[in-house]
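Open the model in your viewer and keep the sequence beside it. The tour goes from one selection to the next.

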Amino acid sequence: MSAKRKFTLTDFSLILATVIWGSDYPFAKIAMQEISPLSFSAARTLLAAAALFPFFLKQETSWKVSWRDFISLIILACFGTFLNRICWSVGLSLSTSANA
């Protein structure tokens with residue numbers, strides 16, 4: 001027999017993350033009735049960057065990055081994050097949130 005497991009903060013955090021992630025589609029579909037997918041992606045990316053930047057500043061003590069690496073990071077961010085969000089937004093605008 002196994003012992004009864006307690007409901008921990010980790011369990012709550014996982015459920016909360018799932019609810020937030022799952023509610024993303026209907027809220028995005030509603031938002032894109034008012035603004036274009038490109039504007040939605042830009043606003044979402046900027047909002048996320050602004051929300052996470054203070055945590056970065058607290059964690060990171062040194063900003064020593066070469067210009068070559070900085071340019072590479074910008075290019076990767078554009079393709080890995082922003083382009084992904086644009087394609088997601090355009091796809092969602094062409095479909096229903098239930099099918100997404």
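This is a predicted model: local features need pLDDT of at least 70, side-chain atom pairs count only at pLDDT 80 or more; totals for chains, interfaces and linings use all residues.

Residues are numbered from 1 along each chain as its sequence is written, and side-chain values use heavy atoms, with hydrogens and water left out.

**Stop 1: helix α1**

Select residues 9-31, which form α1. Helices here are DSSP runs (H or I, at least four residues), numbered from the N terminus. The end C-alpha atoms of α1 are 31 Å apart, which agrees with the 33 Å that its 23 residues should span at 1.5 Å a residue. The expected span is 1.5 Å times one less than the number of residues.

Now go to Asp24, where α1 bends by about 35°. The bend is the angle between axes fitted to the seven residues ending there and the seven starting there. A proline, Pro26, follows within four residues.

Colour Asp11, Asp24, Tyr25 and Ala28, the buried residues to look for in α1. Buried means under 20% relative accessible area, exposed over 50%, and partly exposed in between (1.4 Å probe, protein chains only). Their cover includes α2 and α3.

**Stop 2: helix α2**

Select residues 37-59 for α2. From first C-alpha to last, α2 reaches 33 Å with 23 residues, close to the 33 Å expected at 1.5 Å a residue. Look for a kink of about 35° at Leu52, shortly before the proline Pro54.

Next, pick Ser41 in this helix, α2. Is Ser41 buried or exposed? Ser41 counts as buried, at 1% relative accessibility. Leaving aside neighbours within four places in sequence, Ser41 is in contact (heavy atoms within 4.5 Å) with Phe82, Arg85, Ile86 and Ser89.

**Stop 3: helix α3**

Select residues 67-93 for α3. Its 27 residues should span 39 Å at 1.5 Å a residue, and the end C-alpha atoms of α3 are 37 Å apart, which agrees. A kink of about 30° is centred on Cys78. Arg85, Ile86, Trp88, Ser89 and Leu92 are buried in α3, and what covers the buried residues of α3 includes α1 and α2.

**Stop 4: where α1 meets α3**

Show α1 and α3 together: their axes come within 10 Å and cross at roughly 75°. That makes α1 roughly perpendicular to α3, a term for angles of 65 to 115 degrees. Axes are lines fitted to C-alpha atoms, for helices over the stretch in contact, and angles run from 0 to 180 degrees between N-to-C directions. The contact is made by Asp24, Tyr25, Ala28 and Lys29 of α1 and Arg85, Trp88, Leu92 and Ser93 of α3.

**Stop 5: the core**

Which residues make up the largest nonpolar core? Select Tyr25, Ala28, Met32, Phe40, Trp88 and Leu92, its 6 residues. α1 and α3 each supply at least two residues of this core. A nonpolar core is a set of buried Ala, Val, Leu, Ile, Met, Phe, Trp, Tyr and Cys residues joined through side-chain atoms within 4.5 Å.

**Stop 6**

Phe7 is in the segment before α1 and is exposed, with a relative accessible area of 56%. Not counting residues up to four places away in sequence, Phe7 touches Phe12 and Ile15. Then select Leu83, in helix α3. Leu83 is partly exposed, with a relative accessible area of 37%. The C-alpha atoms of Leu83 and Phe7 are separated by 38 Å.

Terms used: Angles under 35 degrees count as roughly parallel, over 145 as roughly antiparallel, 65 to 115 as roughly perpendicular and the rest as oblique.
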